[in-house]
Amino acid sequence: MRIAIMGTGGVGGYYGGLLARAGHEVAFIARGEHLRAIKADGLKVRSVHGDFEVRSARATDDPAEVGPVDLTIFAVKTYDTEAAAELMRPLVGEQSAILPLQNGVESAAQLSRTFGRQAVIGGMTQIVAFIAAPGIIQQESQFRRVVLGELDGRRTPRAEVICAALKEAGADADVTESIEKVLWTKLLFIASFAGLSSVTRSPAGPLMACDESRLLLSRAMREVDAVARAKGIPMDADIVEKTMAFTGKLEPTTTASMQRDVVAGRRTEYDAINGAVVRAGRETAVPTPAHEFIWTCLKVADSMVET
């Protein structure tokens with residue numbers, strides 16, 4: 001396949017690197033020092049699954065140099081979605097597919113407004129990966145999971161082909177007929193854990209050791225569950241209990257990427273994560289006080305970040 005990676009950060013760089021290593025024709029859309037390093041020395045991946053390099057990687061900051069592709073993996077930070085969508089127009093032809101692998105639950109709808117619903121496939125990933133240095137992707141999790149599915153729930157040949165390509169490249173990939181459920185199940189965890197840990201600047205250990213913060217975390221998860229059900233999404237009956245149990249087993253030093261961004265004074269994806277819960281709560285008349293509090297605090301913190 002001809003593939004473009006729109007946003008060659010940790011997620012896009014890692015999966016793009018896997019697909020390039022597997023023999024696909026991959027173009028990496030990047031910028032700044034990261035782009036210059038990839039052009040000069042290729043893309044280097046340092047991974048718990050084995051290090052590798054994509055030598056002579058095709059990299060550019062101008063999608064017009066690439067032209068229409070079969071698949072664009074859209075992996076920019078959510079606050080850059082609108083600008084990146086406009087920039088990537090040259091990548092999207094009549095038969096092109098767009099697979100967003102971003103945080104939150106609103107990416108597919110945002111991209112559909114620009115490119116049409118038929119061009120977009122829903123996607124979710126679970127991975128720990130980041131830019132360690134210009135031209136170098138660090139991937140630290142045993143899991144590298146991608147779940148994708150058509151927005152209307154159909155199983156289509158294009159979804160199966162994309163899934164097969166990711167599997168053959170080394171990712172743990174699956175096709176689902178319920179991508180919204182998958183996305184909201186992930187949001188229940190990240191909006192609650194990442195949101196509360198960002199406000200408290202706390203890793204998992206202290207957060208779970210405190211009775212009051214553990215109770216607040218559970219309440220935040222129940223808000224997401226209630227909103228999703230009000231939207232007609234069939235969440236698992238015990239999803240909150242399962243997610244709390246999972247969170248309780250995290251290493252005490254575990255931090256969320258959003259919490260690390262807050263501590264480092266960087267912009268965060270608070271609006272795509274906690275804001276999505278607040279907006280959906282308002283649409284469905286479901287109260288979301290925990291997420292309104294988190295969203296407001298992080299909005300203030302984000303307003304003080306120099307861009």
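Asp-211 and Arg-214 both sit in helix H8, three residues apart, about one turn of the helix. Helices here are DSSP runs of H or I with at least four residues, strands are runs of E with at least two, and both are numbered from the N terminus. The two side chains form a salt bridge, with the closest N and O atoms 2.8 Å apart. The term covers a side-chain nitrogen of Lys or Arg within 4 Å of a carboxyl oxygen of Asp or Glu. Asp-211 is exposed at 51% relative accessibility. Arg-214 is partly exposed, at 29%. Buried means under 20% relative accessible area, exposed over 50%, and partly exposed in between (1.4 Å probe, protein chains only).

The model is predicted: local features need pLDDT of at least 70, side-chain atom pairs count only at pLDDT 80 or more, and totals for chains, interfaces and linings use all residues. Residues are numbered from 1 along each chain as its sequence is written, and side-chain values use heavy atoms, with hydrogens and water left out.

## Salt bridges across the chain

The structure holds 20 salt bridges. One of them joins Glu-25 and Arg-2, at 3.4 Å from N to O. This pair links distant parts of the chain: Glu-25 belongs to strand E2 (residues 25-29) and Arg-2 to strand E1 (residues 2-6), 23 residues apart. Glu-25 is partly exposed, with a relative accessible area of 44%. Arg-2 is partly exposed too, at 27%.

Asp-236 and Lys-181 form another salt bridge, their closest N and O atoms 2.8 Å apart. Here 55 residues separate the partners: Asp-236 is in the loop between helix H8 (211-230) and helix H9 (239-248), and Lys-181 is in helix H6 (residues 179-200). Asp-236 is partly exposed at 28%. Lys-181 is partly exposed at 23%.

## The five-stranded sheet

An open sheet of five strands runs in the order E5-E2-E1-E6-E7, with parallel pairing. Two strands pair if DSSP finds at least two bridges between them. The edges are strand E5 (58-60) and strand E7 (92-100), each pairing on one side only. Neighbouring strands are turned by 25° against each other on average, direction ignored. Axes are lines fitted to C-alpha atoms, for helices over the stretch in contact, and angles run from 0 to 180 degrees between N-to-C directions.

E2 and E5 run parallel and are joined by three bridges. Ile-29 stands opposite Thr-60 in E5. Helix H1 (residues 10-21) packs on the sheet and touches E1, E2 and strand E6 (69-74). The direction of H1 makes about 160° with that of E2.

## Nonpolar cores

The largest nonpolar core has 42 residues. Such a core is a set of buried Ala, Val, Leu, Ile, Met, Phe, Trp, Tyr and Cys residues joined through side-chain atoms within 4.5 Å. The residues with the most contacts inside this core are Trp-184, Leu-187, Leu-188, Phe-193, Leu-217 and Met-235. Two or more residues come from each of H6, helix H7 (204-209), H8, H9, helix H10 (257-264), helix H11 (270-284) and helix H12 (289-303). H6 gives the most, with 12 residues.

Phe-193 touches Ala-204, Leu-207, Leu-217, Thr-247, Leu-250, Thr-254, Thr-255 and Ala-256, not counting residues up to four places away in sequence. Contact means heavy atoms within 4.5 Å. Another core, of 38 residues, lies apart from the largest one. Its members include Leu-18, Leu-43, Ala-159 and Ala-165.

## Gln-259 in helix H10

Gln-259 lies in helix H10. This residue is buried, at 5% relative accessibility. Leaving aside neighbours within four places in sequence, Gln-259 is in contact with Ser-197, Ser-198, Arg-201, Ser-202 and Pro-203.

## Cysteines

A search of the whole structure finds zero disulfides. The cut-off is a pair of cysteine sulfur atoms within 2.5 Å. For Cys-297, the nearest cysteine sulfur is that of Cys-210, 16 Å away. Cys-297 is partly exposed at 30% relative accessibility. Cys-163 is buried, with a relative accessible area of 5%.
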